[in-house]
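Q: Could we go through this structure together? I would like to begin with the contacts made by side chains.

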Amino acid sequence: MTAQPEITQRDLRSRSKEIMDAVQGGQAFTVTRDGHRVGELTPLRRRRRFVPRSEFAAMSRTASGISLEAFRSDQDITAEQEADDPYAH
């Protein structure tokens, strides 16, 4: 694993467009102030919108089992059981 390049607070301020373009392209940076590391600037992980059927099936095979009775019991414990009458005062 290669170390992230360090940039100073001043560099971040003066080269923000260049640095933000690099972040958008996948580059991460460690930001320093007065020679001390103060933070990391990292690209956001992009969410996938589509999962291939084969990958979903593989994940499903290794998923833990679900007890329908336990699920319903949990719902009964947390859900309101009585319907409120909005006209009752």
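Q: Which side chain does the side chain of Arg15 make a polar contact with?
A: The partner is the side chain of Glu18, at 3.1 Å. A polar contact is a pair of N or O atoms within 3.5 Å; within protein, one must be able to donate a hydrogen and the other to accept it, and residues adjacent in sequence count only if both atoms are side-chain atoms. Please note that this is a predicted model, in which local features need pLDDT of at least 70 and side-chain atom pairs count only at pLDDT 80 or more, while totals for chains, interfaces and linings use all residues. Residues are numbered from 1 along each chain as its sequence is written, and side-chain values use heavy atoms, with hydrogens and water left out.

Q: Where is Arg15 found?
A: Arg15 sits in the loop between helix H1 (9-14) and helix H2 (16-24). Helices (H or I, at least four residues) and strands (E, at least two) are DSSP runs, numbered from the N terminus.

Q: Which side chain meets Arg15 in a salt bridge?
A: The side chain of Asp11 does, at 3.8 Å from N to O. A salt bridge is a side-chain nitrogen of Lys or Arg within 4 Å of a carboxyl oxygen of Asp or Glu. Asp11 is partly exposed, with a relative accessible area of 25%.

Q: How many salt bridges does a search of the whole structure find?
A: The search finds four. One of them joins the side chains of Glu6 and Arg37, at 3.2 Å from N to O. Glu6 lies in strand S1 and Arg37 in strand S3, so this pair ties together parts that are 31 residues apart in sequence.

Q: And how exposed is Glu6? What about Arg37?
A: Glu6 counts as partly exposed at 48% relative accessibility, whereas Arg37 counts as exposed at 64%.

Q: Which salt bridge does Lys17 make?
A: The side chain of Lys17 meets that of Asp21 at 2.8 Å, N to O. Both residues lie in helix H2, four residues apart, about one turn of the helix. Lys17 is exposed, with a relative accessible area of 61%, and Asp21 is partly exposed at 40%.

Q: Which residues do salt bridges that share partners join into one network?
A: The network consists of Asp11, Arg15 and Glu18.

Q: Changing topic, what is the order of the strands in the sheet?
A: The order is S1-S2-S3, in an open sheet of three strands with mixed pairing. Two strands pair if DSSP finds at least two bridges between them. Strand S1 (6-8) and strand S3 (36-41) stand at the edges; each has a single partner strand, so one side of each is left without a neighbour in the sheet. The twist averages 35° from one strand to the next, with axes taken as lines fitted to C-alpha atoms, for helices over the stretch in contact, and angles running from 0 to 180 degrees between N-to-C directions.

Q: Do S1 and S2 run parallel or antiparallel?
A: They run parallel, and three bridges join S1 to strand S2 (residues 29-33). Ile7 stands opposite Val31 in S2.

Q: Last one: what is the phi of Asp34?
A: Phi of Asp34 is near 55°, a positive value in a residue other than glycine. Most residues other than glycine have a negative phi. Asp34 lies in the loop between S2 and S3 and counts as exposed, at 71% relative accessibility.

Methods:
Buried < 20%, exposed > 50% of the residue type's maximum accessible area, 1.4 Å probe, protein only.
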